[in-house]
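Subject: Structure for your review

Dear colleague,

Please find below the structure that I am handing over to you. My notes on what was found in it follow directly after.

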Amino acid sequence: MEVAARQAVRPFTPVPNPKLQHIEKLADQIGELAGYLNAANCRFLELVAEFDELGGYAEQGAASCAHWLNWKCGIGMNAAREKVRTARALVSLPDIHASFAAGRISYSKVRAMTRVATPENEGYLLDIALHGTASHVEKLVRGYRWRIRHDEEKAADEKHLEDRYCHYHWDDDGALVVRARLTPEQGALFLTALEAGREAAADVTAVTPEEPEPVEWPQRRADGLALMAETFLAKGPAALNGGDRHQVILIADSAVLRGDAETGECRIDNGPVISMHKMRRLGCDASRRHIALDHNGEPVSIGRKSRTIPPPMRRAMLLRDGGCRFPGCDRSRFVDGHHIEHWADGGETSLANLVTLCRHHHRLVHEEGFAVRRSGANHFEFKSPRGNVIPDAALPQPGQADVSPVPEIPVNKDTGACGWDGLPMDYGEAVEALQHLDGRLLH
């Protein structure tokens, strides 16, 4: 019995488990590396904010800092836009910035907080981030943004309802004068009905030989308004008809087309005068005449007869280019055909003299000093206003970078760990706390 008792109280010696020890080591290494990644991400955004502030992306013709990140750093456009937005927000959030630079909070938490953070509430948000998970922060921010949007929309709707009116009075000459202020939905419905009434009234008040000048649109709208009243009183709301029929007409002197800006002028029909460079950009794809086709029926060149790009040639150009050919640009919609040698300078409308550009880069080439030339089969060379060739691809050059991405900071496996104790979070109370800090909650 005594021997059995001694055996029963013998201390337990755990058997070493190499697999568990390796897992614990991996966990420590991942936690430590996460802290360095947090600090590196912060440093990256600091550089992005400065680069964006200085407009460095424009030096190479990028439409925005996000487009430059997409090109140079291989970051998707949505992610690049978020990084630029976050970088800009961090400038005015010193507490969040400091914790991010120390590796204590992740980019996911910072990205979420900067959507609603202000100097007044950043301390509260940071406390949530340090003691909660990224999921906690995301859910809190979504709830707060919904509450803000709901309150703002409710206040706007109430103001629209309070401010709506319709006044009228009979003028001295017997005419009725109407003045109204409608809510947005009432206004949209009214304008739709008014334009439909104007078009219907135009058929009733057509131009006759005794009336050579057409009736002005304000008068037509008055006729349409009267027709709306007649129709409603007779049989209720009438069906709508018609659609958008808009056209922009440019009127230019021949001297402008030749490039003689001093003696020529270009203006929008019934509108202001525009610059020669803007006219030439808009004129890249304008009027149309006759088209010469090849033996397959496809237009290869229509020479000097027209500067308009016919649909078959445009399809061939888009198929060849796939979108804007400016280095780093990924836009494939809302693109123009650009004459490399402008039509006004003797260039032909041919595939060999055309390149696809988005509206932004089309403007840069015509108005901001950028240049393009054909440098080979299906290859185009672009230059900046300084004459520097813009590279086709943003390949890293080894040995040229001189940057310390991660500052010397004390980082260990627990630096970026959250302090969540496992208890559920009261999001309603947290949202109200943020509203109180931002002065949105008055009680």
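Among the contacts in the chain with a separation of 6 or more, 57% are between residues 24 or more positions apart; contact here means heavy atoms within 4.5 Å. Please note that this is a predicted model, in which local features need pLDDT of at least 70 and side-chain atom pairs count only at pLDDT 80 or more, while totals for chains, interfaces and linings use all residues. Residues are numbered from 1 along each chain as its sequence is written, and side-chain values use heavy atoms, with hydrogens and water left out.

The chain has 15 helices and nine strands. Both are DSSP runs numbered from the N terminus, helices being H or I with at least four residues and strands E with at least two. Of the 443 residues, 31% count as buried. Buried means under 20% relative accessible area, exposed means over 50%, and partly exposed lies in between (1.4 Å probe, protein chains only).

Helix α13 (residues 311-321) has M313, M317 and D321 as its buried residues. They lie on the same side of α13 because they cover an arc of only 60 degrees around the axis, the arc being that of the directions from the helix axis to the C-beta atoms. R315 and L319, on the other side of α13, are exposed. The cover over the buried residues of α13 includes the strands β6 (335-339), β7 (354-358) and β9 (379-383). Just after α13, G322 has a positive phi of about 75 degrees.

Where does N121 lie? N121 is in the loop between α6 (107-113) and α7 (122-131). N121 counts as buried because its relative accessibility is 0%. Its side chain reaches the backbone oxygen of V116 at 3.3 Å. This is a polar contact (a pair of N or O atoms within 3.5 Å; within protein, one must be able to donate a hydrogen and the other to accept it, and residues adjacent in sequence count only if both atoms are side-chain atoms). Apart from neighbours within four places in sequence, N121 is in contact with V116, L434, L437 and D438.

M77 belongs to helix α4 (residues 77-90) and counts as buried, at 12% relative accessibility. Leaving aside neighbours within four places in sequence, M77 is in contact with A66, H67, N70 and D330. M77 and D330 are 253 residues apart along the chain, and their C-alpha atoms are separated by 9.4 Å.

A196 is placed in helix α9 (residues 184-204) and is buried, with a relative accessible area of 9%. The C-alpha atoms of A196 and G224, which are 28 residues apart along the chain, are separated by 7.5 Å.

Finally, I turn to the cavities. A cavity is a set of points, on a 1 Å grid over the protein atoms alone, where a 1.4 Å probe fits but cannot get out; lining residues have an atom within 4 Å of a point. Grid points are joined across faces, edges and corners, and a volume is the space filled by probe spheres set on the points. There are two cavities of 30 Å³ or more, and the largest cavity holds about 50 Å³ of space. Its lining includes H67, W68, W71, F326 and H361. Helix α3 (residues 65-72) gives the largest share of this lining, three residues.

Yours sincerely

Methods
On a 1 Å grid over the protein atoms alone, a cavity is a set of points where a 1.4 Å probe fits but cannot get out, and a pocket is an open set with protein on both sides within 12 Å along at least five of seven lines; lining residues have an atom within 4 Å of a point.
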